[in-house]
Amino acid sequence: MKNTIAVMALSALFAFSACKKNEKTGTPTEKKDNNQTEKLIVDSVKVSDSTRITDSLKVTYTSKLLVFPSITDKKLLDSIYFQNEKIKDFSKAGLQTYLENEKNNYFNSVKNNNKDWISDITYAQDWYSSSHMNLISDINGYMHIQYVGSGYEGGAHDNYGFSERVFDLKNKKRLELKDITSMPKSKIEEILMKNINKINGGASDGDGEINNSEMLLVEKIPASDNFYFDEKKLYFHYSPYEIAAFAAGDIIIPVSWEELKGTLNAEFKERMKIK
C-alpha cells in the first residue's frame with residue numbers, strides 16, 4: 001500500500017496553519033493600499049463525500065476552492081489555480097462542477113487502480129484525500145493563499161503538505177522572491193540556517209523539545225518560492241520530509257526585514273510601509 005498526498009501541494013489540516021485564517025466568504029475584504037480601486041470579493045465551494053469500496057475500506061474525499069468573482073485576469077486566475085490545470089471555468093458553478101468531477105475520479109481511481117489486491121484488506125481502514133485553499137491575508141494589494149493537502153492510502157501514517165503563494169493584485173501576478181529582495185539566494189540560505197530553530201515544530205522526546213536543526217535531512221536549506229510575509233517578517237514554509245524528518249512536522253523559518261536591509265525592492269518596501 002502507498003501513501004499519497006492529494007494536493008493542491010495540496011500539499012493539510014488544518015491545525016498546521018502558520019497564520020490565522022482571514023477569509024471572509026462572500027464579502028469584500030478591506031484594502032490598505034490606496035492604489036487598489038476594487039475590493040476583493042471572496043467566496044468558496046466545497047465537496048465532502050465518502051464511499052465504501054469494500055466491507056473493510058471506506059474512502060473520503062474533501063476539497064475546498066476559493067472563488068474570486070472580482071478577479072477577471074485569466075493569467076492571474078491560472079496562477080491562483082495552478083494545481084488544477086483542468087479548470088477552465090472560474091465561476092462558482094464551474095468550480096463546484098470541477099470538484100464534483102474530481103471527487104468521482106478519485107473514488108474510481110482508488111477502486112480501479114487497487115482492484116487486484118484491495119479485497120485482501122481484512123481490517124477496517126479509512127482512506128482519504130483532502131485539499132483546501134485558505135485565504136490567509138490581503139494586505140496592501142498582496143493576497144496570501146495557503147494551499148494545504150493531506151492523504152492516506154495505507155501505510156504507517158498519512159502525509160500532508162503546504163504550498164504558500166502570494167499574489168500581487170495590483171500588478172496581476174504571483175509575487176516572486178526577486179520582487180521582494182535582491183539578496184542572493186546563497187545569502188538568504190545562510191540566514192535560514194541561522195534561524196532554523198526560531199520557530200520549532202513542537203517535536204519532543206523524553207528530554208523535552210527537539211530543535212529543528214537536530215532533524216535536518218539537508219546540509220543547505222533552500223530559499224524556495226514557498227514563502228509568505230507579514231508587516232514584520234518574511235517566512236519560508238517547508239512541508240514534512242522537505243528538509244527534515246517527518247517527526248519535525250512542517251517547518252517555518254522567519255527572516256526579518258532588518259536581515260534583508262539594503263536589498264528590499266523599492267515598490268515592495270513602500271507598499272508594505274517598511275522603514
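Asp 168, Lys 170, Glu 267 and Arg 271 are tied together in a network of salt bridges (a side-chain nitrogen of Lys or Arg within 4 Å of a carboxyl oxygen of Asp or Glu). The model is predicted, so to speak of local features takes pLDDT of at least 70 and side-chain atom pairs count only at pLDDT 80 or more, while totals for chains, interfaces and linings use all residues. Residues are numbered from 1 along each chain as its sequence is written, and side-chain values use heavy atoms, leaving out hydrogens and water.

**Exercise 1.** Work out which parts of the chain Arg 271 and Asp 168 link.

- Step 1: their side chains meet in a salt bridge at 3.1 Å, N to O.
- Step 2: Arg 271 sits in helix α4 (residues 266-271) and Asp 168 in strand β6 (residues 159-168), 103 residues apart. Helices (H or I, at least four residues) and strands (E, at least two) are DSSP runs, numbered from the N terminus.
- Step 3: both residues are buried, meaning under 20% relative accessible area, with exposed over 50% and partly exposed in between (1.4 Å probe, protein chains only).

**Exercise 2.** Classify Asp 179 and Lys 173 as buried or partly exposed.

- Step 1: the two form a salt bridge, with closest N and O atoms 3.2 Å apart.
- Step 2: Asp 179 has 15% relative accessibility, so it's buried.
- Step 3: Lys 173 comes in at 33%, so it's partly exposed.
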